[in-house]
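Take a first look at the chain below. The paragraphs after it go from the whole fold to single residues.

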Amino acid sequence: MSSEHSSLITAPPGGVWTDDVGVITGALELRTTCADDGEVQVSVRYEEADEWYTVRGGKAELHDPADAEVLHSVLAAVLDRPEG
């Protein structure tokens, strides 16, 4: 069963690197999607925007797809650093 998790974050100083458009900054939404086979993709978009961007290094495979929620929580904690 595939899963999707999202959180509102504020990018750290220097922003979040993406494969698609380089660095993005400010108020963002972080999304982690995990397919049934454990393939994970991490993406961000400007809050309330339509277009998603793949986070650099944001593609991986989990041994257990049930870990996707924990992975998302860790990523949100690392990336949500408005004060540095």
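What does the accessible surface of the chain come to, and what share belongs to carbon and sulfur atoms? The surface comes to about 5100 Å², and 48% of it belongs to carbon and sulfur atoms. Accessible areas here come from the Shrake-Rupley method with a 1.4 Å probe; for residues, only the protein chains shown count as cover.

A word on the model. It is predicted: local features need pLDDT of at least 70, side-chain atom pairs count only at pLDDT 80 or more, and totals for chains, interfaces and linings use all residues. Residues are numbered from 1 along each chain as its sequence is written, and side-chain values use heavy atoms, with hydrogens and water left out.

Now the fold. The chain has one helix and six strands. In sequence order the pattern is β-β-β-β-β-β-α. The radius of gyration is 12 Å, close to the 12 Å that the globule rule gives for 84 residues, so the chain is as compact as a globular protein of that length. That radius is taken over C-alpha atoms, and the rule is 2.2 Å times the number of residues to the power 0.38. Helices (H or I, at least four residues) and strands (E, at least two) are DSSP runs, numbered from the N terminus.

The C-alpha trace spans about 35 × 25 × 20 Å along its principal axes. Of the 84 residues, 36% count as buried. Buried means under 20% relative accessible area, exposed over 50%, and partly exposed in between (1.4 Å probe, protein chains only). Contact means heavy atoms within 4.5 Å. Of the contacts with a separation of 6 or more, 49% join residues 24 or more positions apart.

Next, the charges. The chain carries 5 positive and 17 negative charges, and their mean positions are 7 Å apart. Lys and Arg count as positive, Asp and Glu as negative; His and the chain ends are not counted. Each charge is placed at NZ of Lys, CZ of Arg, CG of Asp or CD of Glu.

Side chains of opposite charge can pair when their charged atoms come close. How many salt bridges does the structure hold? There are two. A salt bridge is a side-chain nitrogen of Lys or Arg within 4 Å of a carboxyl oxygen of Asp or Glu.

One joins Arg56 and Asp19, with the closest N and O atoms 3.6 Å apart. This pair links distant parts of the chain, 37 residues apart: Arg56 is in strand E6 (residues 53-61), and Asp19 is in the loop between strand E2 (16-18) and strand E3 (22-24). Arg56 is partly exposed, at 48% relative accessible area. Asp19 is partly exposed too, at 46%.

The side chains of Arg45 and Glu29 also form a salt bridge, at 2.8 Å from N to O. Here strand E5 (residues 39-46) holds Arg45 and strand E4 (residues 27-34) holds Glu29, 16 residues apart. Are Arg45 and Glu29 buried or exposed? Both are buried.

Two loops follow. Gly38 sits in the loop between E4 and E5. Gly38 counts as buried, at 0% relative accessibility. Beyond its neighbours within four places in sequence, Gly38 is in contact with Ala60, Glu61, Leu62 and Pro65. Glu48 lies in the loop between E5 and E6. Glu48 is exposed, with a relative accessible area of 73%. Its phi is near 70°, a positive value in a residue other than glycine.

Last, Asp80 is found in the segment after helix H1 (68-79). Leaving aside neighbours within four places in sequence, Asp80 is in contact with Ile9 and Thr10.
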